[in-house]
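This report works through a protein model, from single residues to the ligand site and the nonpolar cores. Please keep the sequence and the 3D view at hand while reading.

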Amino acid sequence: MLGATVADSTAPPHDHSVAARAVDLRKVYGEGGAAVAALDGVSVDFAAGEFTAVMGPSGSGKSTLMHCLAALDTATSGQVFLGDTDITRLDDKRLTTLRRDKIGFVFQAYNLVPTLTAQENIELPLAIAGRKPDRAWFDTVVDTVDLRSRLSHRPNELSGGQQQRVACARALVSSPDIVFADEPTGNLDSAASAEVLSFLRRSVDEHHQTIVMVTHDPIAAAYTDRVVFLDDGRVVDEIREPTADRVLEQMKMLSSGAVAGTPAEG
Amino acid sequence: MLRITMRNLLARKLRLVLSGFAIVLGVAFVAGSFIFTDAMSGAFSGIIKGTTADVEVAPKGANDFDSLQDRRTVPAEVVDKLAGLTEAQSVHPYNQQQGVYVIDPDGDLVGGSGPPGLAFNYSDTVAITGEPILSLTEGELPSGTSEIALEESTAERAGYGIGDEVELVTAGRDPTMTATLTGLMRFGSAGGLGGATLVIFDPDAMQELFFTGQDVYSGISLTAAEGVSQEELRDAAQPLLPPGVQARTGDDAAAANEAGVQEILGFINTFLLVFAGVSLVVGTFLIINTFSILVAQRSRELALLRALGASKRQVNRSVLAEALAVGLLGSTIGIAVGYLLALGLKALFAFFGLDLSGASFPITLRTVLVSYAVGLVVTMIAAYLPARRAARIAPVAAMRDDVALPESSLRRRLIVGAVMVVGGVGLMALGFAGEGEGGLALIGAGMLAILIGVALMSPVLGRPLIYGLGAIYRRVFGTVGSLATQNSIRNPRRTAATASALMIGLTLVALMSILGQSASASTDKAIRESLTSEYVVSNVVGAPFSPKIAGQIRELPEVETVAQFRTAQAEVDGSFAFVGAVDPNGFAEAFDLPIPGAVTALFRPGTVLVEESTADRGKYEVGDTIPMEFQGGTVKLKLTATFPPGALPANYLVTPDTLIKGGLEPLDSILFITKQPGAADADLRAAVEKITSEIPTVTLKNPQEFAAEQKEQINLFLYLIYALLGLAVIIAVLGIVNTLALSVIERTREVGLLRAVGLSRRQLRRMVRLESVAVAVLGAVLGVLMGIAFGVALQRAIADQGIDVLSIPWLRLAVFVVLAALVGVLAAVLPARRAARLNVLRAITTE
Ligand SMILES: Nc1ncnc2c1ncn2[C@@H]1O[C@H](COP(=O)(O)OP(=O)(O)O)[C@@H](O)[C@H]1O
Ligand SMILES: [Mg+2]
């Protein structure tokens with residue numbers, strides 16, 4: 001099961017440029033006494049062609065970080081770069097185009113449009129952009145997620161795992177620079193999770209996709225190249241080439257209060 | 001994007017139907033009005049063309065479609081001269097008489113009240129349509145004064161067959177007469193005369209009965225010889241005619257008559273379109289509400305689209321595209337329903353004597369274009385605000401469970417609403433100061449602005465009412481009551497918008513009933529104050545009758561004086577003048593006109609008395625000379641006094657000789673009778689009724705009964721308006737059904753939860769019903785209050801035009817509110833059933 005990770009440990013040969021970067025990112029909800037700093041000065045890079053997991057206790061700001069990175073929400077201060085673009089400076093119109101053309105997003109609750117078929121849901125971002133799907137790429141994606149026989153079904157005729165695979169396909173079909181996934185396996189059982197995760201892994205290995213994924217699950221984290229730990233709105237740790245055991249150990253360490261000020265690497 | 005929109009529409013057929021309904025009804029009203037007036041104008045145009053020959057010769061202004069009975073005639077020598085023209089193939093002199101009514105075997109007037117009763121002599125004239133004007137279809141032509149033929153539809157409606165003795169009421173020599181029916185005739189090629197009845201006499205009998213036996217004619221129709229144009233024939237005929245008699249080409253005559261008819265039809269069209277407008281405004285509220293709810297329900301989905309990269313414009317446009325589709329479909333169905341509505345109007349107007357049974361109801365290109373334009377524009381306007389709001393949904397909302405739509409603040413609505421109310425009041429004030437149609441339009445616009453302003457403010461204005469109702473609900477219905485109250489408070493905008501639709505309908509209903517009641521009260525007052533005669537003889541519908549009646553009554557020993565009141569129409573300075581004529585002798589006994597000085601001194605032949613507000617508007621002063629243009633010529637009159645409004649059923653009062661100078665046949669409309677001192681009431685009644693009994697519509701009454709008869713007319717008009725406003729109220733009720741149904745869908749989860757914790761189906765239904773009643777009562781109370789405000793303002797404004805008593809029908813208004821509550825109960829039936837049928841488990845697990 002970890003073969004993919006191991007195989008990848010030789011490091012992707014292509015580029016090591018940064019796909020997304022947060023610089024001293026702060027996000028404060030509410031005002032005055034009721035203010036909550038969901039992100040409290042987060043600085044983190046996500047390398048292109050890498051599969052990164054973001055982990056942390058509930059309420060640590062993982063979703064908020066995803067939303068800010070994916071241009072779904074605006075930060076209170078700090079900067080977010082996608083490639084070379086500082087998205088905190090963009091207006092709504094440019095952000096919309098950015099989301100449409102450069103970013104894919106997978107939600108925990110699938111979020112498919114109930115009135116559209118699986119195929120139509122997958123093609124939705126292209127339809128919005130008014131682009132024709134690249135047939136070859138579409139077929140590749142559909143085959144990778146193994147949904148060919150289900151394309152004409154409506155979401156309510158699909159299982160949770162199938163629905164999430166449709167959502168993943170939707171995120172990938174427009175060949176975005178980066179895909180964000182917020183607990184994509186949160187609602188799935190272990191078998192369905194494995195389907196989705198190996199699909200994500202494959203798209204990184206075979207198509208050099210960049211993926212950032214929030215998860216609670218050490219086993220899911222083990223599919224990734226790197227795990228970033230958040231706590232209380234701050235990056236507290238990270239692991240490269242994680243295994244489930246190492247992740248679990250690290251999680252225990254963090255929750256026992258032995259918070260390391262610097263990354264525990266080395 | 002378009003596909004998502006279409007999918008959405010199809011996936012939610014019920015919503016589509018509900019939101020489309022408002023458009024359907026509004027557009028149906030517009031289309032129906034046009035189709036109906038087109039049908040009328042087609043029918044009348046057919047009648048006009050079917051009675052017009054190549055060239056028509058008649059005294060100028062006489063015998064037109066909208067002319068009164070003319071007393072001017074063409075002497076028989078003229079016929080001989082015209083017969084010598086080589087340009088004329090044939091010459092057809094004719095006589096015509098208005099006020100000849102057929103009495104059916106039950107003793108009732110055929111055609112009821114309203115449509116004219118006509119008599120022609122038989123002739124074989126061919127109309128410009130190429131068809132004979134009259135053709136015998138059955139039996140024989142009548143001869144002598146005791147035989148008649150009837151036009152087919154007239155005979156059919158009366159139920160007479162050949163050989164029957166037919167009773168007639170006439171405005172001629174004999175007030176009533178009996179004649180044998182010898183034949184049936186077809187009029188023109190189209191069946192019927194739009195509800196008018198037609199009696200056909202032999203030419204000599206016509207002169208004998210209606211033209212004191214002289215050899216004179218009402219007019220002469222000419223048929224052109226082979227190869228001679230209408231113009232050539234006219235030019236040849238004109239030099240042979242005596243002064244004042246005119247030859248017109250058939251085309252000109254038909255065009256002039258059609259223009260006259262169009263004027264009346266245009267008025268009816270405008271009248272109907274006003275109601276269509278009301279329905280559309282109400283419909284707009286319904287659509288705004290429906291789309292707002294749909295957007296709210298889809299906000300998560302819309303947020304998802306935004307998260308996937310759809311721009312604000314795309315989201316906005318997808319909602320608008322949905323509206324466009326609804327608008328298109330609604331307009332299409334609306335046109336079809338409009339056709340049915342036109343048939344309904346046909347039935348409604350048939351009740352008022354307009355018979356269009358033979359008419360075709362065309363759906364013209366204009367009707368289609370206007371209907372689509374109105375339907376689409378209204379839908380797009382209504383969908384604009386919800387669409388804009390949809391575009392403001394943040395993409396991150398796709399991630400949340402409970403998506404709240406960005407709402408504009410109530411404060412802003414309050415301010416905008418207040419500005420509209422103030423602006424509306426200003427417009428109304430300007431309108432009252434202004435004149436004629438422009439003024440009316442301003443008043444209408446002002447009322448609309450105030451209504452919309454109040455609708456905007458109603459989330460705040462309605463609060464005390466909802467809370468008050470809530471207190472009652474809690475006390476009477478316990479938890480279910482407070483849940484219902486919570487539901488109506490939780491979305492004040494939605495509640496208010498739903499209620500506003502009903503409010504607009506009820507405002508107008510209340511306004512009209514206040515004006516109607518005030519008009520009735522003012523009539524009472526005017527009759528009480530100025531009518532001093534003990535008795536009145538009049539025709540219910542105001543159709544004139546033979547002056548012979550007055551002569552016979554005057555002979556009675558119980559009667560002291562009889563004043564014969566006549567009516568006519570004329571033009572003064574280009575505007576329509578409603579003229580009354582009465583003999584000064586006997587007038588002072590019948591009327592107590594509050595004018596300075598003795599009536600007999602001021603009111604003589606050659607003078608005119610003018611109603612005050614009319615004098616003000618025309619800037620006429622005592623001593624001025626007023627030219628009054630009748631159909632038969634202009635008469636110059638000296639203004640000697642003005643009288644207060646409402647005192648007489650006319651704006652101008654002249655002496656009878658003035659009408660004769662104007663070419664009009666002297667026919668009476670109302671007789672005012674004073675009793676010989678010492679005569680018994682019962683004796684006088686019996687004696688007069690013996691004379692009037694022969695004519696079904698002409699009756700004797702005392703001033704109270706006379707007032708009641710007048711008020712009956714006001715009420716009849718009021719019912720017509722209620723019927724037309726009813727459609728707006730129906731739309732508003734549909735709005736309540738729609739909003740409730742959508743709210744129930746929206747609250748599926750919550751409803752399931754309530755059921756899961758033990759709320760019974762019955763309690764659930766009651767909860768929905770109570771919410772519905774709250775909305776309906778809110779709308780009704782606001783509407784009635786607005787109606788009272790408008791009613792008082794309008795009555796004050798037109799006090800100088802005769803409606804000088806303000807009378808508010810409190811009981812009736814209270815009944816409206818109670819009815820609205822009942823409507824609320826009805827509106828809740830379907831949504832409540834839907835809510836109660838929900839599967840509990842499914843409801844709580846619904847996404
Ligand atoms: N819309 C919001 N309004 C107010 N507080 C929020 C909102 N979204 C998140 N938060 C708060 O921000 C913090 C981080 O939330 P989130 O990023 O959702 O955490 P995670 O996804 O790691 O569980 C939490 O304390 C949460 O309560
Ligand atoms: Mg989260």
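Does A:E241, at 43% relative accessibility, count as buried, partly exposed or exposed? The model is predicted, and in it A:E241 counts as partly exposed, because its relative accessibility of 43% lies between the limits of 20% and 50%.

## Two loop residues with positive phi

A:E241 lies in the loop between β10 (234-240) and α9 (244-255) of chain A, and its phi is positive, at about 45 degrees, although the residue is not a glycine. A:S175 also belongs to chain A, where its place is in the loop between α6 (160-173) and β7 (178-182). The phi of A:S175 is near 45 degrees, a positive value in a residue other than glycine, and with a relative accessibility of 41% A:S175 counts as partly exposed.

## The site of ligand 1

Twelve residues surround ligand 1, and A:G59, A:G61, A:K62, A:S63 and A:T64 are the closest of them. The site is shared between chains, because the residues around ligand 1 come from chains A and B. In chain A, β2 (36-47) and α2 (62-69) each supply at least two residues of the shell, and α2(A) gives the most, with three residues. By residue class, the shell around ligand 1 divides into six polar, four nonpolar and two charged residues.

| Residue | Protein atom | Distance to an oxygen atom of ligand 1 |
|---|---|---|
| A:G59 | backbone N or O | 2.7 Å |
| A:G61 | backbone N or O | 3.0 Å |
| A:T64 | side-chain N or O | 2.4 Å |

Taken alone, ligand 1 exposes 550 Å², and the protein buries 62% of that area.

## Nonpolar cores

In soluble globular proteins, nonpolar side chains tend to be buried together. Here the largest nonpolar core has 181 residues, and A:F180 and B:F36 are those with the most contacts inside it. Leaving aside residues up to four places away in sequence, B:F36 touches B:L272, B:A342, B:L345, B:K346, B:F349, B:L354, B:L356 and B:F361. A second, separate core has 35 residues, among them A:V145, A:L188, A:V204 and A:Y223.

## Chain B as a whole

Chain B has 847 residues, of which 55% count as buried, and its secondary structure includes 26 helices and 23 strands. The C-alpha atoms of chain B fill a box of roughly 100 × 70 × 50 Å along the principal axes. The accessible surface of chain B comes to about 34,700 Å², and carbon and sulfur atoms account for 59% of it. Among the contacts in chain B between residues at least 6 apart in sequence, 82% join residues at least 24 apart.

Which residues does B:T154 contact, leaving aside its neighbours within four places in sequence? They are B:V102, B:V110, B:A196, B:T197 and B:L198. B:T154 itself is found in helix α4 (residues 152-158) of chain B, and at 0% relative accessibility B:T154 counts as buried. The side chain of B:T154 is also joined to that of B:E151 by a polar contact of 2.7 Å. The C-alpha atoms of B:T154 and B:L664, which are 510 residues apart along the chain, are separated by 27 Å.

B:T523 lies in helix α14 (residues 492-530) of chain B and is buried, because its relative accessible area of 17% is under the 20% limit. The side chain of B:T523 reaches the backbone oxygen of B:A519 at 2.7 Å, and, apart from its neighbours within four places in sequence, B:T523 is in contact with B:Q710 and B:I714.

B:L440, placed in helix α12 (residues 436-461) of chain B, is exposed, because its relative accessible area of 59% is over the 50% limit.

Methods. Residues numbered from 1 in each chain as written. Chains lettered and ligands numbered in written order. Predicted model: local features only at pLDDT ≥ 70, side-chain atom pairs only at ≥ 80, totals over all residues. Heavy atoms only, no water. Near = heavy atom within 4 Å. Polar contact = N/O pair within 3.5 Å; in protein donor to acceptor, adjacent residues only side chain to side chain. Areas by Shrake-Rupley, 256 points an atom, 1.4 Å probe, with all protein chains shown as cover. Helix = DSSP H or I, 4+ residues; strand = E, 2+ residues; numbered from the N terminus. Nonpolar A, V, L, I, M, F, W, Y, C, P; charged D, E, K, R; others polar. Core = buried A, V, L, I, M, F, W, Y, C linked by side-chain atoms within 4.5 Å. Buried < 20%, exposed > 50% of the residue type's maximum accessible area, 1.4 Å probe, protein only. Contact = heavy atoms within 4.5 Å.
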